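This report describes a structure with two chains under study, going from a local feature to the wider arrangement. The sequence and structure come next.

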Amino acid sequence: MDLSKLKRRPAYPFETIAVAISFSPRCQSILSEAKRLSDIFGASLLLLHIGDKTSEKEQYLDGIMLAAKVDPNHSRIIWMEGDPVDTILQLCKLNIVDLLVLGALEKENFLKFYIGSIARNISRKAKCSVLLLTNPTREPLKFKKIVVNGVENPKTINTINTSLYLAKHLKVKDITIVNEMDVSGLAMAISDNSTAPQTKELKKNLAEDSVETLQMIIDKCDAGDIKVTNKIIKGKPGYAISKFSKDKKADLLVINSPDTHLNVFDRIFTHDIEFVLANLPCNVLIVHSRV
Amino acid sequence: MIKLAHSELIVLLLSISTMLIISRIFAELGKRWKLPVVMGELIVGIILGPTILGMLYPDIFGYLFPKTGNIPIALDGIFSLSVIMLLFVAGMEVQLSQVLKQGKVAVYTSMFSMVIPFFTGFAVAWFFPEIFSISNEPGPKLLFALFFGTALSISALPVIARILMDMNLFKTNIGMVIIASAMFNDLIGWLIFSWILSMTNQIHSDTLSIGYTIFYIIGFGLFMLTIGKKIIDKTLPWMQTKLSWPGGVLSISLGICLLSAAFTEAINIHAILGAFIAGIAFGDSVHLREEAREIIHQFVTNFFAPLFFVSIGLKVNFIENFDPVIVAIVLVLAFVGKVLGATIGARIGGMSKNQSLAVGFGMNARGAMEIILGTLALNAGLISKPIFVALVIMALVTSITSGPLMKKFID
């Protein structure tokens, strides 16, 4: 497989949007949403189904494509058999997909979460950005509040820029960029040898460092007329932003793709993206920066 | 129920208050020269113990810390509780997710910083037992070699965290790698040490076989870190909102710690393992509020820790048991094994030469954890007093030198 076209390809603009078709009850809503996004971004639409091709399925797909007003001349359907996760990932690479749209339950059952559902396993491994829709409807989703993770990481600048690109096209006026301040270990470090003013000073310095880091990242972005709010929250990375998005009733949470290959141990000793995947607080966009 | 007599209660309260107040004064004095608090506490123990007070004023020493009657029993109970609490808070800071998060560099650093000092220590103890006056019988020699390897491979998270905080490296890449690797070292080190302790007990009481002990340790650890952790995670939000704050979460967390310690003690694995694992399960919860964590830390570090570390000086005469040869060997092995191991691990993990050396010296701090390990080994009859004194000196020297040596390699 020639992956040279994928390397260093920017996370946006979205030129090719793919949607996984599973023939589930929510299938039409997910397709409608993917179609709407492809129209907004001027992207070509790719429909992927992993499974056997039968006349009943073809008939059903024609029906939902018609209902979603998908123009067969401006879209492609790929039918392929094999392992759903690996095949979808391979197809996304081959077709240089920029955004993959998937439906996902807010919370998987205990066993399924540890084994890994299709949508979540794709999210962990994808080499393109993935949009997980928790509650897709046939009517267009309105993204009013977007929360973006502003963690200190080389990928973050691309993630914020992708969020701004998304916000400009979706006409979102308000974005909150959040930096999570992980204070684990602080209690241990200050427990035996710090006076009250020293402890206060240490905590203040940590908070100021976080604000400064976040501001430096934001300053590098071109927000245009979008109102960007920065926010520092305390807590474990991943969990804190997930809770914040839920409390804020955000419509979309945008996070970086994982830095390392994730496996079942990352679910048992949950951290970062796994906290988000364990309980999706809202629709989630995982930006793959390809850097 | 046996009760303390009126006069015994007065002496008990006097001895505890003396230990607490004087150790606080020494800790505050030591702070001016950036010395670890534990050093001040140990010095107080040496002053109040047989080394100085016992030699100069044996009557006062005998009055404050009598060797017969109910007071030593009461003090022993308090010291045992102290070490359990210390291990609980040590466990509270072990977050295995940090190791996974830091990826291969943390895995390599923690593996190499354990394996190299462990085998260095094991090999020296196994092939040259006469240096440490250990018998050549395979059983005791094997246990001592295993202990010595473990003692050289353990790290001291609280000291390391403090050093990184002072150097403004706490949340940097190097800082996170050191913390994550030290966490992993502590976990494996305490698991191995618990097994060694239960094996030592087995020699004395013929209770459990090696297989059963390993099975119980792994089984208990797995249960607490998966199902136990989930249960704590689910119930903690309820505890923190429905029960009195912060009293509710304090009593339940310390209760779970003691329950867990009682369980491991009952199945002939030392109580410390139960406390340590309960600490991990509790401290890793995303729902544990920072205030609750701070209160538990403050309570344990400022009440139980001074009592425990002062008690060490009460039990051992540091001048009589100072053996320069053993001290020198322990120091050299500790520095070489740990610094070399952590540096190699960090380098293989992808860090630069200077960063790797900084990680190596950062990981070298042994601090309070080494002293706790040594004390438990001494109490169990695994090591002699001269080896214990050497371990204490090594813990202090590595803790004091870690920061300045690290600084040399930070850009």
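The buried residues of α9(A) are covered by elements that include β6 (145-149), β7 (174-181), β8, β9 (252-256) and α11 (273-278) of chain A. Helices (H or I, at least four residues) and strands (E, at least two) are DSSP runs, numbered from the N terminus. Two residues are in contact if their C-beta atoms, placed from the backbone, lie within 7 Å. This is a predicted model, in which local features need pLDDT of at least 70, side-chain atom pairs count only at pLDDT 80 or more, and totals for chains, interfaces and linings use all residues. Residues are numbered from 1 along each chain as its sequence is written, while chains are lettered from A and ligands numbered from 1 in the order in which they are written.

Helix α9 of chain A spans residues 239-247, and its buried residues are A:Tyr239, A:Ala240, A:Ile241, A:Ser242, A:Phe244 and A:Ser245. A residue is buried if 20 or more other C-beta atoms lie within 10 Å of its own, exposed if 12 or fewer, and partly exposed in between, with C-beta atoms placed from the backbone. Just after α9(A), A:Lys249 has a positive phi of about 55 degrees.

Strand β8 of chain A contains A:Asn230. A:Asn230 counts as partly exposed because it has 17 C-beta neighbours inside 10 Å. Apart from neighbours within four places in sequence, A:Asn230 is in contact with A:Gly150, A:Ile177, A:Leu214, A:Gln215 and A:Ile218. The C-alpha atoms of A:Asn230 and A:Ile175 are separated by 8.6 Å, with the two residues 55 apart along the chain.

Chain A has an open sheet of ten strands with mixed pairing, in the order β3-β2-β1-β4-β5-β10-β9-β6-β7-β8. Two strands pair if DSSP finds at least two bridges between them. β3 (75-80) and β8 (227-234) of chain A stand at the edges with a single partner strand each, so one side of each lacks a neighbour in the sheet. On average, neighbouring strands of this sheet are turned by 20 degrees against each other, direction ignored. Axes are lines fitted to C-alpha atoms, for helices over the stretch in contact, and angles run from 0 to 180 degrees between N-to-C directions.

Strands β4 (residues 99-103) and β5 (residues 129-133) of chain A pair in the parallel sense over five bridges. A:Leu102 stands opposite A:Leu132 in β5(A). Helix α1 (residues 27-41) of chain A packs on the sheet and touches β1 (16-20), β2 (44-50), β4 and β5 of chain A. The direction of this helix makes about 180 degrees with that of β1(A).

Chain B has 18 helices and zero strands. Its domains, with bounds from an automatic or database domain assignment, are domain 1 (6-77) and domain 2 (78-407). Their centres, taken over C-alpha atoms, are separated by 25 Å.

The two contacts compare as follows.
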